[in-house]
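Please read each point with the coordinates open.

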Amino acid sequence: VSQVYLRCPQVYLRCVPVPRYVSGVLSLYYPCDAAVQQDPELQAWVREIFRRGFLGRRRSGGDR
């Protein structure tokens, strides 16, 4: 537990459960990595983010 959470327990109560919740919801739609790779809409969205947000820079980690 980080020092921020120890000083601000209300932050801990709000922020720590969020990744667990998001993971749970996403696992309903994408039970495995292959399901993510096979979703054409999601892949198009990621390509758009890579092209516009990162201007196609390879070092940003996109388009591998």
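1. The side chain of aspartate 39 makes a polar contact with the side chain of tyrosine 30, at 2.5 Å; a polar contact here is a pair of N or O atoms within 3.5 Å, where within protein one must be able to donate a hydrogen and the other to accept it, and residues adjacent in sequence count only if both atoms are side-chain atoms. This is a predicted model, in which local features need pLDDT of at least 70 and side-chain atom pairs count only at pLDDT 80 or more, while totals for chains, interfaces and linings use all residues. Residues are numbered from 1 along each chain as its sequence is written, and side-chain values use heavy atoms, with hydrogens and water left out.

2. Aspartate 39 sits in the loop between α4 (33-37) and α5, helices being DSSP runs of H or I with at least four residues, numbered from the N terminus.

3. Aspartate 39 is buried yet has no salt bridge, and the nearest side chain of opposite charge, that of arginine 47, is 9.2 Å away. Buried means under 20% relative accessible area, exposed over 50%, and partly exposed in between (1.4 Å probe, protein chains only); Lys and Arg count as positive and Asp and Glu as negative, with His and the chain ends not counted.

4. The count comes to one salt bridge, defined as a side-chain nitrogen of Lys or Arg within 4 Å of a carboxyl oxygen of Asp or Glu. The partners are arginine 52 and glutamate 48, whose side chains meet at 3.5 Å, N to O. Both residues lie in helix α5 (residues 40-53), four residues apart, about one turn of the helix. Arginine 52 is exposed, with a relative accessible area of 65%, whereas glutamate 48 is partly exposed at 38%.

5. Helix α5 has 14 residues and reaches 19 Å from its first C-alpha to its last, close to the 20 Å expected at 1.5 Å a residue, where the expected span is 1.5 Å times one less than the number of residues. After α5 comes leucine 55, whose phi is positive, near 55°.

6. Regarding the whole chain, the secondary structure comes to five helices and zero strands, and 6% of the 64 residues of the protein count as buried.

Technical notes: Helix = DSSP H or I, 4+ residues; strand = E, 2+ residues; numbered from the N terminus.
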